Amino acid sequence: MLPRRPLARALLALYAALSAVHLVVQWYGADGWSRPTQALLMPVLAAVLLAEAPRPGARLAVLAATALGLSWLGDTAPALASGDTAFLLMVGFFLVAQVVYAVAFAPLRSDSVLHRRRVLLVPYAGAVGALTLVCAPGAGDLLVPVLLYGLCLGAAAVLATGVHPLAGAGGALFLVSDGLIALGAFVPGFGLPGDGFWVMLTYTAAQALLVLGVLARLRTPDRTAPVPGAAPADSA
């Protein structure tokens, strides 16, 4: 579901173009261009959200924009450090971003797989559990933050299913993206050809789908709002 406003459409096209350039950079290993292109992604996507949202000050829009800002810090802050410190900076900012996403989506949980089609909780729990089992032996001192991040990531993905199908797909892709990072970091010998490409492909798609899902939800009339002129319902 594409944005309706011309500015938001133009910004989404810019995001797609920046994502494509960044993915080419990742595939060919042009490291000099990797950081600059990655640093532009989340600000442009946040601009899409705020330009298209019918109520930019709405709680859902503000929290989603905040999560994008924290994701931007997760993308950029690790460049200021190295080794485990850089990894912890990335995990820390993305952990808070996932918490903010979960808080943003929590009021819509009655529409999520927590209350509807609960059988779909099985693959989410299975994915988080399998990643934990596979990565735990190699996590060492980072085991606790990695476990905490996995739980928050899974919670945000599950709650995203209550926002809109697009957001649900975005939450699932976030699990895939961060799962690839965890496997590459903690499982000896694991590696995909062009692993950075696949991580960023799923990440950029996940964030875009989350934003489009949020926008679709914001355009949906509030089913709990009273209808103007309607008589109040009798209390039980």
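Predicted model: local features only at pLDDT ≥ 70, side-chain atom pairs only at ≥ 80, totals over all residues.
## Basis of the values

Local features require pLDDT of at least 70 and side-chain atom pairs count only at pLDDT 80 or more, whereas totals for chains, interfaces and linings use all residues. Residues are numbered from 1 along each chain as its sequence is written, and side-chain values use heavy atoms, with hydrogens and water left out.

## Aromatic pairs

Seven aromatic pairs are found in a search of the whole structure. Rings of Phe, Tyr and Trp (its six-membered ring) pair if their centres lie within 6.5 Å; planes under 30 degrees apart count as stacked, over 60 as edge-to-face and the rest as tilted. Phe-94 and Tyr-203 form an edge-to-face pair, because their ring centres are 5.7 Å apart and their planes stand at 85°. This pair links distant parts of the chain, 109 residues apart: Phe-94 belongs to helix α4 (residues 83–105) and Tyr-203 to helix α8 (residues 195–218). Helices are DSSP runs (H or I, at least four residues), numbered from the N terminus. Phe-94 is buried at 7% relative accessible area, and Tyr-203 is buried at 3%; buried means under 20% (1.4 Å probe, protein chains only).

Tyr-101 and Phe-105 are stacked, at 5.5 Å centre to centre and 25° between the planes. Both are buried. Ring pairs also join Trp-27, Phe-197 and Trp-198 into a cluster.

## Surroundings of Arg-219

Arg-219 lies in the segment after α8 and is buried, with a relative accessible area of 19%. Leaving aside residues up to four places away in sequence, Arg-219 touches Met-1, Leu-2, Arg-4, Glu-52 and Pro-54 (contact means heavy atoms within 4.5 Å).

Notes: Helix = DSSP H or I, 4+ residues; strand = E, 2+ residues; numbered from the N terminus. Buried < 20%, exposed > 50% of the residue type's maximum accessible area, 1.4 Å probe, protein only.
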